[in-house]
Amino acid sequence: MDEYAIDLLRVGAGEVPGPEIFWMSAFDSWYPLVFQSVLVRGNGVTALVNTGPARDIGPMNEKWATVLGQRARMVRADGEFIADRLFENGVEPEEITHVILTPLQLYSVSNIPLFPNAEICLARRGWVHFHTTHEHPHDDRSTSIPDDVLVHLVTEAWPRVRLLEDETELAPGLRTWWCGGHHRASMVVEADSTKGTVAISDSYFYLENVARDHPIGISENIYEATAAYRRVRETADVIVPLYDPKNFDRFAGGKVA
């Protein structure tokens with residue numbers, strides 16, 4: 001079996017109201033989020049799941065503050081920019097072979113231009129939805145793909161853009177499947193490792209979403225969410241929510257496998 005080393009890279013933090021994480025629950029609570037990119041290495045592949053927020057997180061924070069208030073603003077410590085995190089792990093941006101995006105949001109897509117040699121992998125469903133939807137209460141165009149990144153994708157980077165079908169093998173032991181739930185571009189990334197199959201996704205914010213079958217509240221389709229959780233419970237050995245602060249308690253130093 002082809003096996004990968006998997007490392008979590010903290011790229012920012014914030015807080016959100018309880019009902020955003022747990023559907024119709026915890027109305028009087030706020031919960032911490034830690035935004036994470038994931039480095040997947042092995043078998044000639046150096047893949048990055050999500051590229052982190054832009055160097056200037058001000059515009060993104062201003063948008064978030066209009067929805068949830070100032071408390072929801074992202075905070076990023078020194079050294080948490082994606083290029084710094086990669087450097088800590090001995091990786092240069094030019095060495096990234098695959099950028100995997102889930103979902104299409106400012107905190108996941110903003111640094112795509114940093115990776116000139118990577119195959120840029122995103123859900124075909126999410127790409128089509130972005131280009132065919134004029135108004136949407138959740139997948140707002142300006143917060144999905146910023147204009148400068150969009151221009152890069154459809155011009156210079158277009159030969160490297162790979163639109164993924166619902167079930168795709170990127171390399172032996174590295175797969176994606178479309179799950180929806182959170183956004184139209186949401187996927188589960190599966191990587192085989194020494195600990196078994198690792199399932200990485202934005203469709204569950206906390207491990208409890210999957211373990212308790214409790215959908216995220218900021219869900220576009222709870223039927224998709226619960227179907228994804230069921231499949232993950234049945235097929236994954238290790239579950240990695242992309243925003244769960246407790247990942248760094250479960251995985252010392254962010255080392256998943």
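A residue counts as buried when its relative accessible area is under 20%. Tyr107, at 10%, is therefore buried. Keep that cut-off in mind as you look around this structure, which is a predicted model.

**Aromatic rings**
- The count of aromatic pairs comes to 11.
- In one of them, Tyr107 and Tyr243 have ring centres 5.8 Å apart and planes at 85°, so this pair is edge-to-face.
- These two tyrosines link distant parts of the chain, 136 residues apart: Tyr107 belongs to helix α4, while Tyr243 is in the loop between β11 (238–241) and α10 (247–250).
- Tyr243 is buried too, with a relative accessibility of 2%.
- Both tyrosines belong to one aromatic cluster, together with Phe35, Trp64 and Phe205.

**Charges over rings**
- Arg141 places its charged end over the ring of Phe130, 4.0 Å from the ring centre.
- Lys246 has its charged end over the ring of Tyr206, 4.0 Å from the centre of that ring.

**A buried loop residue**
- Gln105 is found in the loop between β4 (98–100) and α4 (106–109).
- Its relative accessible area is 9%, so Gln105 is buried.
- Leaving aside residues up to four places away in sequence, Gln105 touches Asp139, Thr143, Ser144 and His183.

**Cysteines**
- You will find 0 disulfides here.
- Cys121 is in no disulfide, and the nearest cysteine sulfur, that of Cys179, is 16 Å away.
- Cys121 is buried, at 0% relative accessible area.
- Cys179 is likewise in no disulfide, and at 5% relative accessibility Cys179 counts as buried.

Conventions
Residues numbered from 1 in each chain as written. Predicted model: local features only at pLDDT ≥ 70, side-chain atom pairs only at ≥ 80, totals over all residues. Heavy atoms only, no water. Disulfide = S-S within 2.5 Å. Buried < 20%, exposed > 50% of the residue type's maximum accessible area, 1.4 Å probe, protein only. Helix = DSSP H or I, 4+ residues; strand = E, 2+ residues; numbered from the N terminus. Contact = heavy atoms within 4.5 Å. Phe/Tyr/Trp six-rings, centres within 6.5 Å; stacked < 30°, edge-to-face > 60°. Lys NZ or Arg CZ within 6 Å of the ring centre and 35° of its normal.
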